[in-house]
Amino acid sequence: MATIAEALTLALDHHLAGRLAEAQQLYHRILDVDPDQPDALHFLGVLAGQVGEQALGLQLIARAIAQRPEAADMHANSGNIRRSSGQPEAAVEDYRRAVALQPDFAEAWTDMANALRALGRSAGAVTALERAVASAPTLTVAVERLGALRHEEGRLLVEQGRGTESLRPLARAAELLPLDADVAFLYGNALFAMGLREDSTLAYRNALAITPDFPSAAFNLGVAFGGVDRLEDSARALERAARLDPRHLDAIDRLVVALALLGREDEAATWGERALDLKDRTAMATAPALPPLFARPRGAERRRCNVIAFSLWSGQPAGTHDPAEILRQTVALYTGWTCRVYHDGSPTADRLAELAAAGADLVAAASDAPTGGPYWRLAAADDPTVARFLCRDWDALPSADGKAAVDAWVASGLPFHVLRDGVLHTEVMSGGHWGGVAGLLPDLLPLAERHAAAEADRAQDHRFLRRIVWPMIRDRALIHDRTHPRHGLPFPTV
């Protein structure tokens with residue numbers, strides 16, 4: 001006849017193999033012989049919990065614990081049944097008893113973390129999982145759950161703008177989950193946001209090593225390399241991003257800049273052509289419903305002046321040339337045109353006087369409007385007294401061939417004009433390089449206000465022109481482009 005120990009071993013074999021009926025029968029036979037046998041009570045209680053008889057299971061395990069209160073695994077399995085029956089708080093107490101008896105009980109720490117997580121106590125869950133991993137570094141379930149929690153913790157901190165605090169949990173997540181590209185990517189983002197550009201490149205490269213077709217990681221790597229003046233590396237990473245995702249406009253635009261800075265003008269121009277193709281197709285395919293252009297300028301009899309419009313506002317990036325000098329040369333070159341400067345009142349009285357002396361017609365703009373400074377020059381297009389308008393920037397002195405291009409536009413009879421003045425001009429139209437016959441477009445500032453309220457950043461005016469204005473003027477514009485021959489005529493030779 002088998003001993004109790006032999007019967008218990010056979011019962012456990014059945015139990016672990018999933019033959020629950022056979023195991024249950026043997027546990028009962030053992031208890032018929034010894035009603036207080038703690039192991040049989042314990043494992044029969046576990047089995048009862050597995051088949052949905054949680055109350056019975058807890059009673060049986062409680063009887064086992066009464067016989068062997070120092071058995072950590074019994075307390076842990078009591079916790080498992082309580083957790084599965086929707087009693088996470090009681091389960092935590094059982095797990096605490098288990099790890100008090102056996103501090104290196106990694107599975108109990110892990111199960112405690114799950115119960116704490118169910119109670120919304122994420123910090124406690126992380127602490128429990130750290131204990132589990134410290135006790136059993138190869139316990140995969142604990143490592144993966146801790147990595148996931150650290151990742152989630154870091155992500156939430158990043159979203160809350162708490163970048164410094166996010167570094168520690170994300171570094172831990174990256175250590176625990178070295179083959180998780182999303183973790184490496186987010187860690188790179190946090191490092192970059194904190195100004196640790198070189199460190200961020202390592203994280204992004206890890207993400208790409210794990211997932212080679214990860215365009216966002218390639219793009220961010222390119223940006224990070226650019227931030228530490230590694231232009232060749234930046235160009236390679238940005239090209240990889242652009243090839244992985246041919247519609248990644250930011251990658252293409254930044255690649256053009258990197259190639260131009262490296263002196264690789266022909267490659268920059270080729271990628272610039274791609275950017276223009278994509279922006280044109282996207283703008284035309286997604287154009288909102290807008291009123292058609294007027295057949296002739298509204299109130300044409302009142303439109304007497306031609307205006308070159310500039311915007312000047314506080315915090316505007318400084319250009320290479322002084323605005324007063326740009327005005328003087330523009331006035332000299334564009335005979336019969338008025339230079340109008342829309343400003344927010346931030347220039348000093350002396351500065352405004354200098355601009356006026358240089359030929360500016362000064363117009364105070366509403367500085368509290370939703371639209372920022374770059375939009376103000378659009379007021380010239382809405383002005384009922386303006387016949388033709390040009391929108392210009394402070395980034396360059398006026399050129400003779402630029403003036404010749406304007407003259408060619410006026411002579412063409414087409415109502416609108418777009419200039420692209422170099423390899424970096426990869427917008428279909430940019431805020432300071434276009435013009436038109438006033439009174440044909442709907443009023444632009446009200447349209448711009450709706451757009452500005454939705455998207456507020458330094459490039460929003462370019463997107464507004466691309467998405468809203470370009471679809472209206474594309475087929476009625478003369479385009480001059482110095483670098484992209486498929487997208488415009490060359491500038492006139494003077």
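**Helices, salt bridges and overall form**

User: What span should the 13 residues of α15 have, and how far apart are its end C-alpha atoms?
Analyst: Helices (H or I, at least four residues) and strands (E, at least two) are DSSP runs, numbered from the N terminus. The expected span of a helix is 1.5 Å times one less than its number of residues. For the 13 residues of α15 that rule gives 18 Å, which agrees with end C-alpha atoms 19 Å apart.

User: How are residues numbered, and which pLDDT limits apply to this model?
Analyst: Numbering starts from 1 along each chain as its sequence is written, and side-chain values use heavy atoms, with hydrogens and water left out. The model is predicted, totals for chains, interfaces and linings use all residues, local features need pLDDT of at least 70, and side-chain atom pairs count only at pLDDT 80 or more.

User: Which residues of α15 are buried, and which helices do they pack against?
Analyst: Buried means under 20% relative accessible area, exposed over 50%, and partly exposed in between (1.4 Å probe, protein chains only). In α15 the buried residues are Leu-249, Ala-251, Ile-252, Leu-255, Val-256, Ala-258, Leu-259 and Ala-260. Where contact means heavy atoms within 4.5 Å, these buried residues pack against α13 (215-227), α14 (231-244), α16 (265-286) and α23 (460-473).

User: Which residue with a positive phi follows α15?
Analyst: The phi angle is near 80 degrees, and the residue that follows α15 with this value is Gly-263.

User: Which helices cover the buried residues of α8?
Analyst: Helix α8 (residues 122-135) has 14 residues and should span 20 Å, and its end C-alpha atoms are 20 Å apart, which agrees. Its buried residues are Ala-125, Val-126, Ala-128, Leu-129, Glu-130, Ala-132 and Val-133. Their cover includes α7 (106-118), α9 (140-159) and α10 (163-176).

User: Which residues does Leu-146 touch?
Analyst: Leu-146 lies in helix α9 and is buried, at 0% relative accessible area. Leaving out residues up to four places away in sequence, Leu-146 touches Val-126, Leu-129, Glu-130, Val-133, Arg-172 and Leu-176.

User: Which parts of the chain does the salt bridge between Glu-89 and Arg-121 tie together?
Analyst: A salt bridge is a side-chain nitrogen of Lys or Arg within 4 Å of a carboxyl oxygen of Asp or Glu. In this pair the closest N and O atoms are 3.0 Å apart. The two residues are 32 apart in sequence, so the pair ties together helix α6 (residues 88-101), which holds Glu-89, and the loop between α7 and α8, which holds Arg-121.

User: Which strands does the salt bridge between Asp-361 and Arg-340 link?
Analyst: The closest N and O atoms of Asp-361 and Arg-340 are 3.4 Å apart. The residues are 21 apart in the chain, and the strands linked are β3 (residues 360-364), with Asp-361, and β2 (residues 337-343), with Arg-340.

User: How does the radius of gyration of the chain stand against that of a compact globule?
Analyst: The radius is taken over C-alpha atoms, and the globule rule is 2.2 Å times the number of residues to the power 0.38. The chain has 23 helices and 7 strands, and its C-alpha atoms fill a box of roughly 115 × 45 × 40 Å along the principal axes. A compact globule of 494 residues would be near 23 Å, but the chain has 36 Å.
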